[in-house]
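Have the sequence and the 3D view ready as you read.

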Amino acid sequence: MRRRFPTGRLSIAVLAGTLALAGCTSGTSSSSSTGAGHDLTMILTSQPTSLDPGTMNVDPNNLAYEQLAYDPLIRVGSDGTFTPALATSFGYVGSGNTRFQLHIRSGVKFADGTPLTAQTVAASINYALKAGGSAAAWLGSCASITATATGDVLVGCTSANPTLPLLFSQNAPFGFVISPAGIAQKASLKTATFGAGEYVLDQKQTVTGDHYVYTPNPNYWDSKGIHYQKVTLKVVANPNSVLSSIQAGQADLAIGDPSTADAAKSAGLTVYSAPSYTAGVDLFDKAGAVSKPLADPRVRQALNYAIDRAAITKALFGEYGTPTTQLVTPVYDGYDASLNNLYGYDPVKAKQLLSDAGYPNGFSMPIEAWQGFNIAQVTQAIMGYWAKIGVKAVLTSDAAPGTWVSNVLSKKFPAAGYGYAGLPVFQTSQNWFRPAANPFNPFSATDPRLDQLLDQAAAAAPEAAGALSVQAMRYALEQGWWVTTSLVDAAYYTRKGLSGVTVTPKNIFTDVTQIQPGS
Amino acid sequence: MRRLLVSVPLLFLVTFLTFLLVSLLPGSPSVTILGPTASQDQYHQLDLQLGLDQPLWTRYGHWLAGAVRGDFGSSLITGDPVARILDERLPVTLSLILGATVLATALGIGLGILSALRAGRRGGIADVLSLVGSAIPNFWLALVLVAAFSVSWRLLPATGYTSLAQGLGPWARSLILPWIALALGGSALIAKQTRDAFATALAMDFVVVLQANGFSRRSVLYRHVLRNAAIPISTSIGIVFVGLLSGSVLIETVFAAPGLGSATVAATNQHDLPVIQGAVVYFTLMVVLMNLLVDLSYGWLNPRVRLP
């Protein structure tokens with residue numbers, strides 16, 4: 001009898017074997033489970049550029065890597081108030097916001113067992129000042145950092161800086177205190193931790209660029225603050241993969257994205273969101289070096305009147321965006337809700353302003369945009385409205401931020417799409433209004449009147465600073481320094497069974513160390 | 001040995017071209033390190049510290065002098081030794097590629113033989129399955145597989161990689177979906193080659209002679225026909241392997257698998273040239289090795305073409 005050749009059996013056998021492996025264990029085991037003594041897994045969307053607090057750049061990803069291992073001097077809460085941490089008391093001395101004092105907590109040790117003192121804190125801040133990180137500009141002129149024998153650290157500035165409590169908090173590099181051993185081995189700071197925080201990085205369990213594992217610090221000064229036996233920070237870059245991971249039970253919380261927030265809600269995840277950054281177009285070339293029309297404030301105002309912010313924001317961000325004209329976010333000084341009415345959608349007025357400035361037929365100009373954070377989409381939407389009033393913008397769009405920075409610093413582009421985190425006016429002004437060329441002010445544009453208003457606001461007492469900051473930002477807005485369309489939310493997703501996750505307008509960075517099991 | 005020596009100028013050419021092309025790209029790793037809010041001066045100072053102001057030839061020469069000793073330098077971003085970064089990731093990519101190749105081969109050969117032997121409906125089904133496999137984009141398939149097997153049915157993980165050291169079962173579970181997503185397209189090419197080669201071999205006179213001499217059909221097909229058809233199949237397996245290497249870049253990103261592909265994508269976005277160079281060397285060596293294995297297989301399959 002002829003035997004039939006088992007033609008299909010090989011393929012079927014392979015497939016069956018493959019799928020059988022899927023049943024080796026039942027279901028997808030969660031990589032973490034909530035509850036005291038258990039593990040926490042959080043998904044971040046990028047690996048740390050460096051674990052060195054002195055050179056880190058501030059974003060929610062980098063902050064999470066540092067917060068676990070480095071206790072801050074001051075803690076900023078979800079309501080924006082500042083409370084003691086490694087500094088038991090702190091505040092400005094005298095008036096003018098030029099001198100600041102912190103009293104350092106006694107009896108604290110670094111993870112390596114060495115004592116944390118005022119001297120080590122001063123050394124850490126001095127290291128961060130000189131390490132070359134971009135946040136050093138936020139300290140401005142505050143270069144005098146000294147320790148006293150009474151356990152105080154004194155910060156002296158040659159000009160006013162009203163934001164020092166924030167800069168010494170867990171949301172900025174200068175608050176993370178580095179041990180003397182870490183400062184002595186600067187190269188090791190990039191890949192290991194040398195702090196006095198709740199956890200230490202376990203390099204053996206860590207795979208660079210994939211996941212970072214933290215275990216409890218045996219020398220931590222407040223053992224009640226340690227909630228987990230292990231904290232894993234897992235890197236997943238793709239927003240859809242982030243959502244799939246947390247839906248599949250592989251993580252407890254994740255940094256989300258407005259594009260997947262609705263899907264996260266539908267999947268039963270808890271979505272925390274709060275206004276985080278503004279997006280629009282930065283009109284760099286106020287002297288008209290590359291695009292002569294931009295030298296005229298009427299042209300810049302026309303570009304503002306030409307766009308329908310509400311339509312753009314709704315189309316791109318849905319319920320996770322709010323139309324705005326302003327550069328700062330509502331919780332910071334310098335914001336005034338009435339300024340959102342300064343530039344209503346009025347293309348007729350826009351064309352009239354262009355005509356008054358001598359461009360009745362419009363003009364064309366090149367424009368740059370990075371594709372991250374929806375910046376390129378916002379830019380293209382704005383370009384669409386500008387085209388209707390005769391302003392033709394030719395877009396160069398980049399996938400890599402490095403290319404975007406290189407292009408804008410080349411000064412070939414008179415304008416570029418931007419996304420800028422909500423910050424106090426003092427920090428914002430270092431990037432946007434001061435002469436040091438950077439990606440937000442590559443042409444080093446300044447305005448004497450604006451400088452005067454900003455200096456007054458920086459030196460003022462808190463009760464007067466708000467109104468002065470609003471005055472400064474109103475002036476810049478009236479001069480058309482930018483065309484903002486949207487205030488965009490940051491989002492975090494969590495599974496049930498976690499508490500301490502907070503994302504509010506007054507603090508958009510959830511403090512990872514405050515997360516704990518429970519509902 | 002001669003074939004291995006030929007790879008040396010190939011490596012030199014590939015690494016130099018990569019160095020040149022990446023150096024010509026606008027941007028710098030300083031932006032990744034300092035972020036977008038640093039001043040132009042700060043970027044410039046860091047570029048100097050990283051040695052990025054030196055001429056291209058000087059930088060390439062330094063890199064080459066280290067590479068021939070096995071030292072690929074350190075990541076400009078993290079400071080980690082490049083060899084350590086890539087050695088950690090190599091097993092992930094190899095697990096992914098080799099597993100997908102085995103799966104694609106098994107599926108492809110099976111479907112190809114079925115298609116060659118069965119005229120009519122069953123052969124047609126095999127043809128259609130092959131066509132579908134080649135038409136579906138692997139990243140789309142990956143997303144569909146994750147939606148079904150991970151999110152809805154919670155059978156398999158959506159992302160991540162579990163090393164073999166943690167057990168065969170967990171390792172395989174973390175790779176099943178990426179294997180399927182990668183293998184389907186490759187199996188189509190192998191199926192087509194198998195069908196054509198098998199049908200050609202089946203039509204040869206020796207088949208009739210063997211059957212007339214009383215050999216079983218199974219023996220004729222397995223030991224003789226398949227072996228005669230194996231050389232073009234072997235070639236297509238080699239081509240599929242190389243294709244899977246490039247496909248793995250996207251699949252590793254979708255599944256957040258810490259392989260060479262995802263490291264290369266991240267390094268390219270960050271202008272981390274030492275990591276890119278090191279990854280290029282690793283990928284080139286894998287392709288060279290695969291081609292060598294395919295050539296050697298010819299000699300094993302057909303002694304008449306055994307290499308000197």
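Predicted model: local features only at pLDDT ≥ 70, side-chain atom pairs only at ≥ 80, totals over all residues.

## A nonpolar patch on chain B

Helix H7 (residues 138-152) of chain B is the top contributor to the nonpolar patch, giving four residues. Helices here are DSSP runs (H or I, at least four residues), strands are runs of E with at least two, and both are numbered from the N terminus. The patch covers about 440 Å² and is built from Phe139(B), Trp140(B), Leu143(B), Val144(B) and Leu250(B). To join a patch, a residue needs over 30% relative accessible area and no salt bridge; nonpolar side chains (Val, Leu, Ile, Met, Phe, Trp, Tyr) are joined within 5 Å, like charges within 9 Å.

Take Phe139(B), which sits in helix H7 of chain B. Its relative accessible area is 40%, so Phe139(B) is partly exposed. The scale goes like this: buried is under 20% relative accessible area, exposed is over 50%, and partly exposed lies in between (1.4 Å probe, protein chains only).

Residues are numbered from 1 along each chain as its sequence is written, chains are lettered from A and ligands numbered from 1 in the order in which they are written, and side-chain values use heavy atoms, leaving out hydrogens and water.

Chain A has a mean pLDDT (the predictor's confidence in each residue, from 0 to 100) of 90, with 93% of its residues at 70 or more.

## One disulfide

How many disulfides does the structure hold over all chains? There's one, counting cysteine sulfur atoms within 2.5 Å as a pair. The partners are Cys142(A) and Cys157(A), with sulfur atoms 2.0 Å apart. Cys142(A) is buried because its relative accessibility is 0%, and Cys157(A) is buried too, at 11%.

## Salt bridges

Over all chains, there are 13 salt bridges, each a side-chain nitrogen of Lys or Arg within 4 Å of a carboxyl oxygen of Asp or Glu. One of them joins Lys234(A) and Asp210(A) at 2.7 Å, N to O. Lys234(A) is buried, at 12% relative accessibility, and Asp210(A) is buried at 4%.

Asp222(A) and Lys224(A) also pair up, at 3.9 Å. Here Asp222(A) is partly exposed, at 25%, while Lys224(A) is exposed, at 69%.

Note on methods
Areas by Shrake-Rupley, 256 points an atom, 1.4 Å probe, with all protein chains shown as cover.
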